[in-house]
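My entries follow the structure.

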Amino acid sequence: MLARIADGGGVLAVILLCQSSEQYFAVTGWMAACITLPHMLGPFIARRIDTASDGRRVIAAACLAYAVITGLMTATFGHVPLILTALLLIAAGLCGPLLTGGISTFLPAIAGPDQRSQRRAQGLDVATYGFGGTIGPSAVAAISAWASPYAAFYLLALGTVIAAFFIMRLPVPPITHTGKSAEVAGAIATVGLMIRHTRLRRTLYLTMAVAFAVAVLPVVAVNMSGILGVPAATAAFLTVAYGAGNLAGSVCLMVIPLRGEPDGLMLNTGWLIVGGLISIFVVSSFVPVFICFFITGMLNSAFFAATLAARSEYSPPSCRGQVFVWVGAMKITAGSLGTAAAGQIMTSGTYAPLLLSLGVLSAILIMALSGRLWLSIKNHR
């Protein structure tokens, strides 16, 4: 959770840091992109988890590197050329995938072979993502208001140092190779494996479709202020409902873990998310819409847990780390595209972004369901 709070709060810390300086104010967006876009390169870094004899050391080293780099960037901010600050942010961003998806690769070692225990652990993992995405930005905002963005960044760095200490106390994952790097698939070969493997392929494109669909919700929330008859700032609280729903859903998953094949669970929860999005159309007053956002958040946490189960159970042990990070990187990319698309078409109507997300998600779910049915028919012949 400490590592994910640092990753989740880092973007806002960069934005607040840039806005506190006249020199960097005009390039705030570019600086924020420097710490987020490197997540795309995560799969090429994640191979080190699979080749290492002790993957914990790789994650712990990434946490310490993040702390040192962000500490150095904060200390030199405004006193060194812009390009050097950008390079430090890019270097910090490269650690991000290991702080998020990389840690998830240890779930089987932590939870053991029992499926119920693993599913409960996946629910807890979803909760740490939720806390990271919620507490991280909230803590950065509070500390920046109380002290300064500099103090916020230093505390995030301290959090990752403590995270490194605890990561080294996780159970040692089993070694799935003989120590020779040549025996572990590279990033491109892992993509080829995911494309050829029917269930992993379905996991990838369903994850991207849902990420694209739910990424429009913050834009839709603010856009609904006119229909709901509330100020834009009040309408923005709908995103809080969605985040709270994610956290509530993850708590439920810890108490009542998901059961069944991950493949079917992803499809079922995906269709439930479609239902949650449709419900936002049906109601037209603030409290019911708030509840719909909350329920959609809960459903999304169930879908996320199903994708974690799919990545864990369908991935070959020798490249599980890369599969986790690849899916995570594509999820972030799809979410960014969803937000960008929603921003572009929001002027076409209040519900235009929601219609887009519903159309995309429904089409992908129909494609996945058709593929599953065809495979089932083929196997019975």
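I looked up Arg 202 and found its side chain in a salt bridge with Asp 263 (2.8 Å, N to O); a salt bridge here is a side-chain nitrogen of Lys or Arg within 4 Å of a carboxyl oxygen of Asp or Glu. The pair links helix α10 (residues 198-214), which holds Arg 202, to helix α15 (residues 262-282), which holds Asp 263, 61 residues apart. Helices are DSSP runs of H or I, at least four residues, numbered from the N terminus. Both Arg 202 and Asp 263 are buried (under 20% relative accessible area; exposed is over 50%, partly exposed in between, 1.4 Å probe, protein chains only).

I note that the model is predicted: local features need pLDDT of at least 70, side-chain atom pairs pLDDT 80 or more, while totals for chains, interfaces and linings use all residues. Residues are numbered from 1 along each chain as its sequence is written, and side-chain values use heavy atoms, without hydrogens and water.

I then followed Asp 263 to Arg 372, where the side chains meet in a salt bridge (3.0 Å, N to O). Arg 372 lies in helix α18 (residues 352-380) and Asp 263 in α15, so the pair ties together parts 109 residues apart in sequence. Arg 372 is partly exposed at 33% relative accessibility.

I checked Glu 313 next: its side chain forms a salt bridge with Arg 119 (3.0 Å, N to O). Glu 313 is in helix α16 (residues 286-314) and Arg 119 in helix α7, 194 residues apart. Arg 119 is buried at 3% relative accessibility, whereas Glu 313 is partly exposed at 31%.

I counted seven salt bridges in the structure.

Definitions and conventions. Helix = DSSP H or I, 4+ residues; strand = E, 2+ residues; numbered from the N terminus.
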